[in-house]
Amino acid sequence: MASGKAYLDFVLEQLSELDEISYRAMMGEFILYYRGKVIGGIYDDRLLVKPTPSAAARMPDAARERPYEGAKEMLLVDAVDDRQFLRDLLEAMVDELPAPKKKKANADAPQDRL
């Protein structure tokens, strides 16, 4: 089941106090980014975040769910109505997440000639 745009809009509104929140639609779901880093996503109208140490500490009883078959487990965020909790969660997580991978140059792409 794909996620609805209305749920995405709700989550984005809850996160609106944070700068540099973005998302990308992917196969009917939405990947969420904070400061350019993947923090999680919206899958089947559920907010799932990466299980960083700080996220696990803030949500010790959170269900661990797979966003889709074959994916790594993520933490289900139940407190999506709590803006302060979401802001604190993402602020704590961001430094624990890896930097975005740099895209490799396409060897077959035309090269500028001098």
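The questions and answers below concern a predicted model of a protein.

Q: In what order do the helices and strands of the protein run from the N terminus on?
A: The secondary structure comes to three helices and six strands. From the N terminus on, the order of these elements is α-β-β-β-β-α-β-β-α.

Q: Which residue stands opposite L47 in strand 4?
A: Strand 3 (residues 37–43) pairs with strand 4 in the antiparallel sense, over four bridges. The two strands form a hairpin with two residues between them. Opposite L47 in this pairing stands I42.

Q: Which residue in strand 6 does V49 stand opposite?
A: Strand 4 also pairs with strand 6 (residues 74–76). This pairing is antiparallel and has two bridges. The residue opposite V49 is L75.

Q: Are the residues of strand 4 that point one way and the other way buried or exposed?
A: Strand 4 covers residues 46–49. R46 and L48 point one way, while L47 and V49 point the other way. Buried stands for a relative accessible area under 20%. On both sides of strand 4, R46, L48, L47 and V49 are buried.

Q: What is the phi of D45, and how does its accessibility class follow?
A: Most residues other than glycine have a negative phi. D45 lies in the loop between strand 3 and strand 4, and its phi is positive, at about 55 degrees.

Q: Where is R35, and is R35 buried or partly exposed?
A: R35 sits in the loop between strand 2 (29–34) and strand 3. Its phi is near 55 degrees, a positive value in a residue other than glycine. With a relative accessible area of 37%, R35 is partly exposed.

Q: How many residues of the lining of the largest cavity are charged?
A: Rolling a probe the size of a water molecule over the atoms shows where empty space is left. The count comes to one cavity of 30 Å³ or more, and the largest cavity has a volume of about 30 Å³. Its lining consists of Q14, L15, E17, L18, R83 and R87. These divide into two nonpolar, one polar and, as the number asked for, three charged.

Q: What share of the accessible surface of the protein belongs to carbon and sulfur atoms?
A: Of the 114 residues of the protein, 37% count as buried. The accessible surface comes to about 7600 Å². The share of this surface that belongs to carbon and sulfur atoms is 51%.

Conventions
Residues are numbered from 1 along each chain as its sequence is written. This is a predicted model: local features need pLDDT of at least 70, side-chain atom pairs count only at pLDDT 80 or more; totals for chains, interfaces and linings use all residues. Side-chain values use heavy atoms; hydrogens and water are left out. On a 1 Å grid over the protein atoms alone, a cavity is a set of points where a 1.4 Å probe fits but cannot get out, and a pocket is an open set with protein on both sides within 12 Å along at least five of seven lines; lining residues have an atom within 4 Å of a point. Grid points are joined across faces, edges and corners, and a volume is the space filled by probe spheres set on the points. Ala, Val, Leu, Ile, Met, Phe, Trp, Tyr, Cys and Pro count as nonpolar, Asp, Glu, Lys and Arg as charged, and the others, Gly among them, as polar. Buried means under 20% relative accessible area, exposed over 50%, partly exposed in between (1.4 Å probe, protein chains only). Accessible areas come from the Shrake-Rupley method with a 1.4 Å probe; for residues, only the protein chains shown count as cover. Two strands pair if DSSP finds at least two bridges between them.
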